[in-house]
Amino acid sequence: MAQLKCGTVVSIMDSIAPRKLAEEWDNVGLIIGDSSSNVNKIMVSLDLPVWVVDEAVENNVDMIITHHPIIFNPIKKINSDTALGKKIIKLIKNNISVYSSHTNYDIAQNGLNDIFAKQLGFEKTEIIKTTSQEKLFKIVVYIPEGFEDKILEEMSKAGAGCIGNYSNCSFRVKGTGTFQPMEGANPFIGQVDRLEKVDEYRLETIVPESKLNQVIKAMLAAHPYEEVAYDVYELKNQGQSYGLGRIGYLENEITLSSYASFIKKTLNLENIRFYGPSDALIKTVAMLNGSGNSFINAARHAGADVIITGDLQYHQALDALEEGIYAIDAGHFGTEKIMIKALSDCLRNILEKNGYNVEVIESKTNTDIMKNV
Ligand SMILES: [Zn+2]
């Protein structure tokens with residue numbers, strides 16, 4: 001059984017929620033730790049208050065994955081005068097690494113925004129605010145006859161040729177390739193100092209930026225030529241869109257108060273607030289786990305009747321009502337607590353598939369700090 005390293009967990013987390021998707025103001029990635037250290041136990045938590053650090057120490061955890069970054073604003077001192085300083089010292093003394101996946105996990109495909117929408121019953125949703133679009137590239141490669149299918153297969157396996165629900169998309173034309181091996185060459189076909197004319201295919205396919213390097217590597221590994229002729233073009237076509245917040249459509253209209261009750265039950269909450277008339281009818285639902293104050297306008301422009309989020313402030317809610325959108329405040333913790341189980345399950349799955357025998361535990365002390373009477 002292979003020994004899991006902290007750096008490998010970083011790569012796995014990058015495959016779940018690429019760091020480049022994070023908002024500019026965010027602080028994501030390996031915040032504390034040594035990527036060469038061994039990891040035998042991982043704990044997943046939404047937040048990292050001191051009691052969660054204690055829980056990790058008691059459970060011999062080597063690495064903590066959180067949603068909210070432990071360090072958000074730059075700090076000038078790490079000492080025991082502050083709660084943050086104490087936590088950092090305790091984590092380092094106990095060889096515990098901390099990795100945070102925040103807005104990148106919200107935004108990622110099948111990330112927290114999608115998980116939250118699915119939890120509320122929306123299978124199909126649209127993005128409220130697009131934050132990035134993946135670049136697309138075209139690769140053209142010249143292949144001697146007989147190798148074209150194998151090379152296409154390897155490039156497709158590495159992630160090329162996907163258009164919508166279609167894989168292995170490519171185009172090929174037959175033609176004549178020419179080359180003259182020079183002194184020092186070790187040609188697959190032909191001889192030094194003699195012009196060769198070879199039946200070749202010009203194979204072209206499409207590839208997203210995130211897969212470009214691995215597709216080129218796979219193509220070069222499968223190609224028989226010593227020097228492979230290939231071109232990479234950046235396309236104007238846009239690839240996958242990424243963004244924050246989701247819009248979903250209810251099958252039938254429902255009153256605001258009934259919908260708030262449904263959300264309370266579905267999210268297993270002790271308390272919920274809603275802003276708007278109890279009998280107002282809603283059908284188009286905007287969702288943003290966490291703090292959604294700054295999203296109210298975007299949700300309204302996207303055509304939402306109501307926004308479900310957390311941390312709603314009085315004046316923002318008042319503005320929302322004046323602008324014609326209702327709001328349901330299900331709490332910051334209430335809308336994000338599902339992340340602990342969802343990410344733990346996802347990690348267990350990937351680690352097991354890759355042959356790592358590592359325990360992933362879910363924090364039990366990271367509970368809602370807001371109580372009701
Ligand atoms: Zn949050």
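This is a predicted model: local features need pLDDT of at least 70, side-chain atom pairs count only at pLDDT 80 or more; totals for chains, interfaces and linings use all residues.
Student: Which residues of H6 are buried?

Tutor: A residue is called buried when its relative accessible area is under 20%. In H6, which spans residues 148-157, that applies to Glu148, Ile151, Leu152, Glu154, Met155 and Ser156.

Student: You mentioned strands. How do I read a sheet, and in what order do the strands stand here?

Tutor: In general, the strands of a sheet pair through backbone hydrogen bonds, either parallel or antiparallel. Here 8 strands make an open sheet with mixed pairing, and their order is E6-E7-E5-E8-E10-E11-E12-E9. E6 (170-179) and E9 (273-275) are the edge strands; each has a single partner strand, so one side of each has no neighbour in the sheet. From one strand to the next, the twist averages 30°.

Student: How many bridges join E5 to E8, and which way do these strands run?

Tutor: E5 (residues 126-144) and E8 (residues 230-255) run antiparallel and are joined by 12 bridges. You can trace two of the pairs: Ser132 has Tyr242 in E8 as its bridge partner, while Lys138 has Tyr233. E5 also pairs with E7, again in the antiparallel sense, over 9 bridges. In that pairing, Val140 has Glu204 of E7 as its bridge partner.

Student: What does helix H8 lie across?

Tutor: H8 (residues 256-266) lies across E8, E9, E10 (281-291), E11 (306-310) and E12 (326-329). H8 runs at about 115° to E8.

Student: Now the core. How many residues does the largest nonpolar core have?

Tutor: The general idea is that in soluble globular proteins, nonpolar side chains tend to be buried together. In this model the largest nonpolar core has 47 residues, and those with the most contacts inside it are Ile42, Met63, Ile65, Leu343 and Leu347. Helix H1 (residues 6-16) gives the largest share, 6 residues. Domain 1 (6-107 + 337-362) and domain 2 (120-130 + 244-333) both contribute residues, so the core lies between them.

Student: Which residues does Ile65 touch?

Tutor: Leaving out residues up to four places away in sequence, Ile65 touches Val9, Met13, Ile42, Met43, Val44, Ser45, Tyr99, Leu343 and Leu347.

Student: Last one: which residues coordinate the zinc ion?

Tutor: His68 (NE2), His332 (NE2) and Glu336 (OE) coordinate the zinc ion, at 2.0 to 2.1 Å. Written along the sequence, the donor spacing is H-x263-H-x3-E. His332 and Glu336 are 4 residues apart in helix H11 (residues 332-336), so about one helical turn separates them.

Conventions: Residues are numbered from 1 along each chain as its sequence is written. Side-chain values use heavy atoms; hydrogens and water are left out. Two strands pair if DSSP finds at least two bridges between them. Axes are lines fitted to C-alpha atoms, for helices over the stretch in contact, and angles run from 0 to 180 degrees between N-to-C directions. Contact means heavy atoms within 4.5 Å. Buried means under 20% relative accessible area, exposed over 50%, partly exposed in between (1.4 Å probe, protein chains only). A nonpolar core is a set of buried Ala, Val, Leu, Ile, Met, Phe, Trp, Tyr and Cys residues joined through side-chain atoms within 4.5 Å. Domain bounds come from an automatic or database domain assignment. Donors are N, O and S atoms within 2.8 Å of the metal (3.2 Å for Na, K and Ca); water is not among the atoms, so sites may look incomplete.
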